[in-house]
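Hi everyone, thanks for making time today.

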Amino acid sequence: MHLLPLLLVAASVPAVSAGPELEASARSLDAPVSAVTVFSDRARVQRRASLSLPAGTSIVALPDIPGAAMISSVRVDVTAGKVIRVETRPVEEARMTLPEVEALLSKLEKLADTQAELDARVTSLNRELSYLGSVGPALPVPESERVGKPAPTVKPAVWKSSLDFLDARRDAIHAELRKEEAARRELTKKIQEVQTEIGRHDLGAASLRRLKVLAILESGSKASATLTLSYDVPGAAWWPTYELHFSPQEGNVKLAYAGLVQQTTGESWSEVDLFLSTAIPGQTLAVPELLTWTLGEHREMIPQPRPEQPLPRPVALRVPPARPSSAIIDRRVEREVLAARLNQLRTLASSGPTGLASTFGSTVSIATAAPTGGAGYGYGIGAGSVGGLASRGAPAPDYYQNMPAEAPAPPPSRPQAAPRPSYKAKRSKAEAGPSAAPSMAFDDYEVAGELAEAESVSLSSRSSLARGPGASSSSLALYDPNAWRRPTFGDRTLPAMVAGGFDYVFPAPTTASVESGPEKLKVPLSMATWKAELLYEATPAIQKTAYLTAKVKNATKQPILAGKMSIFVDGDFAGEGSLDTTGPGGELALPLGADEDIRLEHHVAPKTRTEGLVSKEEITDYAVHIEVGNYKKRAVSVHVYDVLPKTNNEDIEVKLLSSKPEVSDGPDAKGRLRWELTLKPGETRKIDFTYSIRRPKDWQLTQR
């Protein structure tokens, strides 16, 4: 009954099979990065290209994307025609070839030989200089042994000639050491040049994993189309940051929004449309299904017969592992050799120029065994020397320790590669001979497919044997508050954490270029200018300084996220502060720094008395006196804050007795009081309030 629809569907799919020949027949397409949306833990990259589609089926090869990209997020869209299928294939690309690594090692080896010879010459000269320093005038016969013999005759000319010879030799040695020092500086520069050349390569791994993307397109007629490739890749984040500019004469504040963007995805974004988002992609999209619980069910027990001998367990059948070809094994051995050489090169690049010769004595060697019975190659890494090199040279001589040495230039920093899966060869005792070492070698389509299938069958078989058919596990708690929770991040300043659960997108007004690396790029977003309500806030009980605050209303349609802020007053840097997350229409308090033209004084005078005939109580009255002086040439508004003590003891009573002027607000739940004052130029206002603490007699009051 349903045969005709199935035949129609099968006829609509073009006969294009997967395999190496598919990539060979594909047309390469240049699709540069055009737009990027940065989240708190990843980036969504869009590549766009224009192409001419012929009538029928066509295959295009898109640029390689980072190996850490999430394969499930790869998507291809085309404006004309339709996308039949998208294929992704991981490949390993060598960061450096083995001849390149060997050339650098040979260059460093020659420099190490030169350094060892120079060290030996300097050591010999220093020893001769030390010996000459110990030579001095001495009598041919000691005074204690000159018994009955005349004193030897002193010939000044002979001694002068000897001392002149010693001085001339010392001067010659110092001249030779200065030449050696110049040679050492020149050698250090050459070593630094080689180390800089090594530092240009990312030596964190022997190979770089990339994803090849193929798209099979179909068009009914010849047409021009725009193709878009999008994918998510980890290793990107951004943080909100602000600049606050305040002009006291105009009374305006300008708040400049910006985002600090960092990405280590392994690819550069050049002149792209940038969007900064507070969303958390990749969350569960479906509503969780509720589990049915049965409580307190009791059933009648029915005896169950048991066998005398346990029944044999079913044996899970496994798909035989794929046998890698000799070409794959050769490539694997070559990668292992390259990894060992790169590890040695990385060690030499990190060592200082002065210790290069000694570093060669503890480098890494690679031993490649001959094929054994056609089972592939054996390979291993062991300690030793490379190419017969032994430890040579001597420690840096004392002569150089007393002379100013040029600090070696550190190698340029390299971006941290984005995390990616690790595929290693797997061996078992039973897999000997030609079938040894099945691995995820993505160089070959057939091997990759067979190994992936074998691994999935093996895992599913073990799972079914361990749990049994239909087995499931669940929590014994009726309500587990940790079952569904919003994702969290280790960095609390990320926009996904400070946005309060809302999703916002901040588009950059212009295109931006962000290189892959540890540096953070400041991307301006927008600027808002507001008329501010200026007031001063002061807590004279803690600090006799008033702080200017501008209160504004967020009139934009986007929120202000919590973040750090640099404050500028009349173009001069005044300090740093922070902002809280404020939604559209919310009130924002912007700190503008201290002002010395508002003078404050704070004094407290306690007075204790005793009341009661039988149960005596002690009452301490605290008279607080505050003075606020305005030394500006304009009127100001000042909010003064103070606090009453709080207690949880019913035997202690804290009471506000009087206040002049009246308290504008308080005391609140925390005991805080607030007075709102308006001061004319040069005016001084006073605040006097009194509160009491009543407690049983001889009680000792403490504050915490």
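Let's begin with strand 9, residues 236-247, which runs parallel to strand 19, residues 563-569, and pairs with it over six bridges. By pairing I mean that DSSP finds at least two bridges between two strands; strands are DSSP runs of E, at least two residues, and helices are runs of H or I, at least four, numbered from the N terminus. Across from tyrosine 242 you'll find methionine 565 of strand 19.

A quick word on the source: this is a predicted model, in which local features need pLDDT of at least 70, side-chain atom pairs count only at pLDDT 80 or more, and totals for chains, interfaces and linings use all residues. Numbering starts from 1 along each chain as its sequence is written, and side-chain values use heavy atoms, leaving out hydrogens and water.

Next, please look at serine 40, in the loop between strand 2 (33-38) and strand 3 (42-53). Is serine 40 buried or exposed? It is buried, at 4% relative accessible area, where buried means under 20%, exposed over 50% and partly exposed in between, using a 1.4 Å probe and protein chains only. Its side chain reaches the backbone nitrogen of alanine 496 at 3.0 Å.

Technical notes: Polar contact = N/O pair within 3.5 Å; in protein donor to acceptor, adjacent residues only side chain to side chain.
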